[in-house]
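Follow along in the structure as you read.

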Amino acid sequence: MEDDQESKNNIDMYRGVRKRKWGKWVSEIREPGKKTRIWLGSYETAEMAAAAYDVAAFHLKGERPNLRLNFPELIHTFPKPSSSRPEDVQMAAHEAAMRFKRPIDDHPDNCGAGPVRVGLSPSQIQAINESPLDSPKMWMELAGLLPVREYTCPSSSFEDHQWDEIQYHHDSIWDF
């Protein structure tokens, strides 16, 4: 219930932004003088989509007094498209949107767990590179850790005199 109210407030609050039923925020803008639209992207937050819209609107419509923007105070800090081609507008819009991306720690679904950056010393990196995980040397070392098991076939369903004397025994997985 509270999420529905929040999404209605954000829809009313941000121009050029709408929320998909699965929770993503999307933004698009109509090209001036044309019936086509430029897709500006799908984003995690309404603010990201709103920033994308602002970049496109400011570039396509120009600086004029009646231009309604979501973040008018930030428009001169946003990236500018290199041309009016849809690809250039989309790229600048995406860059502006990424400035509003939440840090991983702020995400509500995160619960404080996120990627951890671990620094490795040059010697540790060298050791990893010299012994990759799919190397035969690694498999040989692992094979030495495996217990050796003997297998005797059951003699009940076959000729007893043939199977009684056969035992299967392998010292290494590489003996095949």
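Strand E1 and strand E2 (residues 25–30) run antiparallel and are joined by 3 bridges. This is a predicted model. Two pairings show how E1 and E2 line up. Val17 stands opposite Ser27 in E2, and Lys19 has Trp25 in E2 as its bridge partner. The two strands form a hairpin with 5 residues between them. In that turn, Gly23 has a positive phi of about 105°.

Now move on to the next strand. E2 and E3 also run antiparallel, with 6 bridges joining them. Ser27 stands opposite Gly41 in E3, and Glu28 stands opposite Trp39 in E3. The hairpin of E2 and E3 has 6 residues between the strands. Gly33 in this hairpin takes a positive phi near 75°.

| Hairpin | Residues between the strands | Glycine with positive phi |
|---|---|---|
| E1 and E2 | 5 residues | Gly23, about 105° |
| E2 and E3 | 6 residues | Gly33, near 75° |

What is the strand order in the sheet? The order is E1-E2-E3, in an open sheet of 3 strands with antiparallel pairing. The edge strands are E1 (17–19) and E3 (37–43), and each of them pairs on one side only. On average, neighbouring strands of this sheet are turned by 25° against each other, direction ignored.

Side chains of opposite charge can pair when their charged atoms come close. A search of the whole structure finds 5 salt bridges. One of them joins the side chains of Glu28 and Arg18, at 3.1 Å from N to O. Glu28 lies in strand E2 and Arg18 in strand E1, so this pair ties together parts that are 10 residues apart in sequence.

Next come the helices. Helix H2 (residues 46–61) lies across E1, E2 and E3. H2 runs at about 10° to E2.

How do H2 and H3 cross, left-handed or right-handed? Their crossing is right-handed. The axes of H2 and helix H3 (residues 86–98) come within 7 Å and cross at roughly 140°. That angle makes H2 oblique to H3.

Which residues make the contact? From H2 come Met48, Ala51, Ala52, Val55, Ala56, His59 and Leu60. From H3 come Val89, Ala92, Ala93, Ala96, Ala97 and Met98. By class, this contact of H2 with H3 has 12 nonpolar residues, 1 polar residue and no charged residues.

Note on methods. Residues are numbered from 1 along each chain as its sequence is written. This is a predicted model: local features need pLDDT of at least 70, side-chain atom pairs count only at pLDDT 80 or more; totals for chains, interfaces and linings use all residues. Side-chain values use heavy atoms; hydrogens and water are left out. Two strands pair if DSSP finds at least two bridges between them. Helices (H or I, at least four residues) and strands (E, at least two) are DSSP runs, numbered from the N terminus. Axes are lines fitted to C-alpha atoms, for helices over the stretch in contact, and angles run from 0 to 180 degrees between N-to-C directions. Contact means heavy atoms within 4.5 Å. Angles under 35 degrees count as roughly parallel, over 145 as roughly antiparallel, 65 to 115 as roughly perpendicular and the rest as oblique. A crossing is left-handed if the near helix is turned anticlockwise from the far one by less than a right angle, and right-handed if clockwise. Ala, Val, Leu, Ile, Met, Phe, Trp, Tyr, Cys and Pro count as nonpolar, Asp, Glu, Lys and Arg as charged, and the others, Gly among them, as polar. A salt bridge is a side-chain nitrogen of Lys or Arg within 4 Å of a carboxyl oxygen of Asp or Glu.
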